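Please walk through the structure below and look at its loops, its backbone and its surface.

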Amino acid sequence: MESISVFEIIKVGIGPSSSHTMGPWNAASAFIRIIKREKSIAEVKEVFLEFFGSLAKTGIGHGTDIAGMLGLNGEDFKTIDTTKIDEIVDRIKESQIINLGGEKEIPFVYGHHLVLNMSQTLDYHPNGMIFKAIFEDGTELVQDFYSVGGGFIMSQEKNSIEKQCVRTIYPCHHGSDIVKYCEKLGFDKMSDLILINEESWRTQDETRKEALYIWEQIKECIYKGVNKEGILPGGLNVTRRAAGMNRKLLGEKIYRNKDEWFQQVVDAEENFTNINKWISCFALAVNEENASFGRIITAPTNGASGVIPAVLMYSQAFTEATSEDDIARFILVAGEIGTLFKKNATISAAMGGCQAEVGVSSAMAAAGLTEILGGSVGQVLMAAEIAMEHHLGLTCDPIKGLVQIPCIERNTMGAIKAITAANIALESDPTKAKVSLDQVIQTMWETALSMNDRFKETSEGGLAIAVNVPEC
């Protein structure tokens with residue numbers, strides 16, 4: 001089984017959805033590379049993109065169509081000025097021209113060259129899409145892609161995606177592997193093992209730097225979210241709440257940048273109610289940014305991107321585990337737990353419902369927090385198990401296909417559950433646990449397979465149909 005770096009699970013992304021926005025964007029970019037490999041952009045006459053299944057059914061609400069156009073236009077979601085997205089998309093639609101790969105302008109009519117096929121689902125995966133390029137000489141290039149969660153893409157043609165296969169020195173594909181290698185190497189901290197395995201991609205210093213970069217991006221995202229008022233896009237008219245909570249919690253305190261704001265949070269009155277509200281505020285801030293095409297940290301998905309930031313920010317503001325080493329260890333452990341779910345179950349709501357997104361992120365955050373609060377390897381794995389155990393069966397039923405209701409609030413719940421799971425694990429003997437992490441991951445996957453497709457990010461069940469929202 002292939003190894004996965006923690007920074008493939010926790011990484012810079014763009015809202016509102018990792019599987020429905022980042023995945024299609026990555027697929028479009030990959031298709032551009034395939035065109036260049038097979039022929040050249042200069043030889044392309046037309047390009048077509050068709051989305052199927054869940055990608056089509058919730059495509060408008062998730063910005064799937066927008067992601068496809070931007071990817072084909074040669075834009076990079078890691079660097080694009082997010083304030084220019086609407087302008088670029090409007091230009092493509094109005095001019096009916098796309099600058100393919102940023103190199104050649106060709107005709108592109110929305111609804112003809114880009115289609116949301118809501119009546120058909122591809123067999124391989126519910127998040128399917130097919131790209132087709134027609135060249136000047138009349139030949140065609142067709143490629144299927146599948147967005148499998150967290151921005152990851154796959155194809156039935158294995159050689160169509162350029163990816164290096166990596167196997168770490170101590171491959172950890174199950175929780176039992178982690179226990180085995182930590183015992184073999186005499187490690188009391190799970191993060192020591194992960195740090196060694198990450199050397200398959202980069203040096204230990206580079207790994208620490210990447211973790212601290214992720215932390216800075218988390219702070220930046222939360223800071224943006226707690227300072228923005230207004231209504232979220234998409235037609236549900238959802239009001240941003242993080243800014244109002246932040247203002248009430250800080251009172252008359254003044255700050256000029258994210259570092260001053262963070263210090264004000266640290267210095268704020270610490271009681272259970274206030275800390276609870278801060279945790280919710282952190283999660284709301286991130287997911288409100290995510291819902292408005294903001295740049296966020298995908299962890300492991302965009303729909304669940306507020307859980308890990310909220311719990312990590314909680315640890316830095318309200319616990320003693322505040323060193324840079326603690327931050328790095330939290331991210332390493334959280335990311336490694338995410339890889340276990342990706343390898344043995346799913347991190348895609350279209351495959352497993354929201355248990356695969358907020359549930360997984362809660363397990364990741366619980367493990368990371370337990371690690372830096374002094375938990376043993378067994379307690380870290382136990383915390384992850386507890387968090388997932390109490391998300392089993394959670395459906396994905398976004399109203400109007402938007403990553404807003406119930407998604408935004410659901411991240412606050414995932415964060416609180418993660419902290420509770422960590423606290424329980426830290427006071428428990430993991431050798432007496434009746435359910436292991438590996439068992440709960442298997443149970444989650446079996447639950448996913450049994451779940452009705454209406455509750456797998458199709459907006460055809462649950463709250464999505466219980467709440468009647470007229471089209472705008």
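S459 sits in the loop between α19 (437–450) and α20; helices (H or I, at least four residues) and strands (E, at least two) are DSSP runs, numbered from the N terminus. This is a predicted model, in which local features need pLDDT of at least 70, side-chain atom pairs count only at pLDDT 80 or more, and totals for chains, interfaces and linings use all residues. Residues are numbered from 1 along each chain as its sequence is written, and side-chain values use heavy atoms, with hydrogens and water left out.

S459 is not a glycine, yet its phi is positive, near 60°. Is S459 buried or exposed? S459 counts as buried because its relative accessibility is 16%; buried means under 20% relative accessible area, exposed over 50%, and partly exposed in between (1.4 Å probe, protein chains only).

Q96, also not a glycine, has a positive phi of about 60°. Q96 belongs to the loop between α6 (85–95) and β3 (97–100). Its relative accessibility is 39%, so Q96 counts as partly exposed.

Now turn to the cis peptide bonds. One joins G15 and P16, with omega about 5°. P16 lies in the loop between β1 (11–14) and α2 (18–38). Another cis peptide bond, with omega about 5°, joins I405 and P406. P406 is found in the loop between α17 (377–389) and α18 (407–426).

The last stop is helix α20 (residues 463–466), which contains L463. L463 counts as partly exposed because its relative accessibility is 34%.
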